[in-house]
Amino acid sequence: MTTYIPRLLGGISRRALLCGLTATALAPSALAAATPAPRMDAAAAPPAKVTPPAPPAGPFSYDWLVDEARRLAAEAFQPHDGDIPDVLADLGYDQHRDIRYRPDHALWRGASPYEVQFFHLGSYFDRPVHVYDVTSGAAEPVAYDPGAFDLGRNRFDKPLPEGLGFAGLRVHYPLNDPEVLDELLTFLGASYFRALGRGNRYGLSSRGVAVGTGLPEGEEFPAFTRFYVARPTGRGKPLMIHALLDGPSLTGAFRFDVRPGAATTMEVTARLFLREDIKRLGLAPLTSMFEHGPGDPKDGADYRPRVHDSQGLLMHTGSGEWVWRPLRNPSTLALSAFQDGAPKGFGLMQRVRRFDDYEDLEARYDLRPSLWVEPKGDWGKGAVTLIEIPTPDETHDNIVAFWTPEKPAKAGEDVTLRYVLHWGLEGPKPPLATVRETRVGAGGVPGQRGEADSRKIVLDFVGGPLAELPPESEVIVALEASGIETSRPVIQHNPVTGGRRVFFDLPAAGETPAELRCRLTDADGTVLSETWSFQWSRL
């Protein structure tokens, strides 16, 4: 059994703020409920000063951070949950959201194209994060200053402790307009982070590592507990962020080389040190939301044709095959593992970009970024793992994808990993026809009463070699079905897209999930399209 990862509403856009902070499902109505602002008991003694970890005695470097992670891994894990005053822990969601950082206190304000602001501890964010400003190799702690925050309607009878730390940080940069500092990225909640390319709205997230995701015993959420941020001196210069990861099963040293642009890239270097055996270790994990779409229609009435941060999982395998897996909101938890060796890339993509495909003025799902993972070096054998969790609505992140090494993760070992994250409206461009849309409807003849015991699958392949083929050219449908029987597929030229449309029927439900694969070839067997991969179960 797994649990929902709550997504809270922030401002006018939905924002995944609580990812990974709780092991139980939280009702959205409870999260949004407003209650009177708490006050600290006047008779209570003020909390003691919190002492942040000492910075390195000498120059800061990634090698030093690796040594620090290795040192911590040899010690027992020290949980930090609850290391904040009760008056902050007792804040409701709305009360915590009312605390805002004052932009005129931003780190590097006026000294760099980048500015760093901070999130206040409180409510579900009870793990202190300490931040260090790295200048000329020296790491200086960024002091927590209550005056840097507008507390809104909250009132506290006693001063908050010095050195309290922060819940997380966000970076601003002139991404879309040279005169305007936009949010570029945030680190908030466990090891979760999000970034934006030009013209994007926040959507899916990444995180440092996934531990035990989808297992019956529950998931572990290691957290970034320290950040070391190095100030860039000029526009166009990369931003370097180092982070220390700590959790019951492992520690880690991360380096993020961030380059803003139409597609913002983050080159990630990670070194993990295992305290304990880990049954399922997820590397380069991605977290997103899929509620409904044409390939997995919603039972209830919703004026929006589709609601999702990501449309599908795209993979470029070590053998060179491009595979497209449309996402679903399943009736029960679904886990898929795509075995591979030395993968060339994988990611959660938002391919459909027209506003009228979503019709949501608030969420603007048409502007949510795709996120592509580009491995560096040979990752060896393993699997791209996809976990789809049933969700009743769009307030929960219910999609997780990550790389799982074939080699078991054992205590005392360490893992080194390098990859690049690409955040933007455009994903990679396979040199083949791609699946623009997967549609599911009633079986039988369209326009007539549907057959209750069957469903029709409709696939639209577009672009690539298909764009150059005359309509009368022969194109072969290679359809494979495991665990189910389908009708013979029919293929038609689509004069609107210039591609091909494929139809076939299959039973409405089966006792077990079935796997389907489909791709197009020419008469000589030359591959013309990516491979469509789909897990079929009861809608």
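## The largest cavity

The lining of the largest cavity has 13 nonpolar, two polar and two charged residues. Here Ala, Val, Leu, Ile, Met, Phe, Trp, Tyr, Cys and Pro count as nonpolar, Asp, Glu, Lys and Arg as charged, and the others, Gly among them, as polar. The model is predicted: local features need pLDDT of at least 70, side-chain atom pairs count only at pLDDT 80 or more, and totals for chains, interfaces and linings use all residues. Residues are numbered from 1 along each chain as its sequence is written, and side-chain values use heavy atoms, without hydrogens and water.

A cavity is a set of points on a 1 Å grid over the protein atoms alone where a 1.4 Å probe fits but cannot get out; lining residues have an atom within 4 Å of a point. The volume is about 130 Å³, counted as the space filled by probe spheres set on the points. Of the 17 lining residues, Arg127, Val129, Ala167, Gly189 and Ala190 lie nearest the centre.

## The second largest cavity

This cavity holds about 90 Å³. Its lining has 14 residues; Gly295, Gln311, Pro326, Glu437 and Thr438 lie nearest its centre. Five are nonpolar, five polar and four charged.

## Strand S5

Strands are DSSP runs (E, at least two residues), numbered from the N terminus. S5 covers residues 115-119, and five of its five residues are buried, meaning under 20% relative accessible area with a 1.4 Å probe, protein chains only. Glu115, Gln117 and Phe119 point one way; Val116 and Phe118 point the other.

Technical notes. Buried means under 20% relative accessible area, exposed over 50%, partly exposed in between (1.4 Å probe, protein chains only). Helices (H or I, at least four residues) and strands (E, at least two) are DSSP runs, numbered from the N terminus. On a 1 Å grid over the protein atoms alone, a cavity is a set of points where a 1.4 Å probe fits but cannot get out, and a pocket is an open set with protein on both sides within 12 Å along at least five of seven lines; lining residues have an atom within 4 Å of a point.
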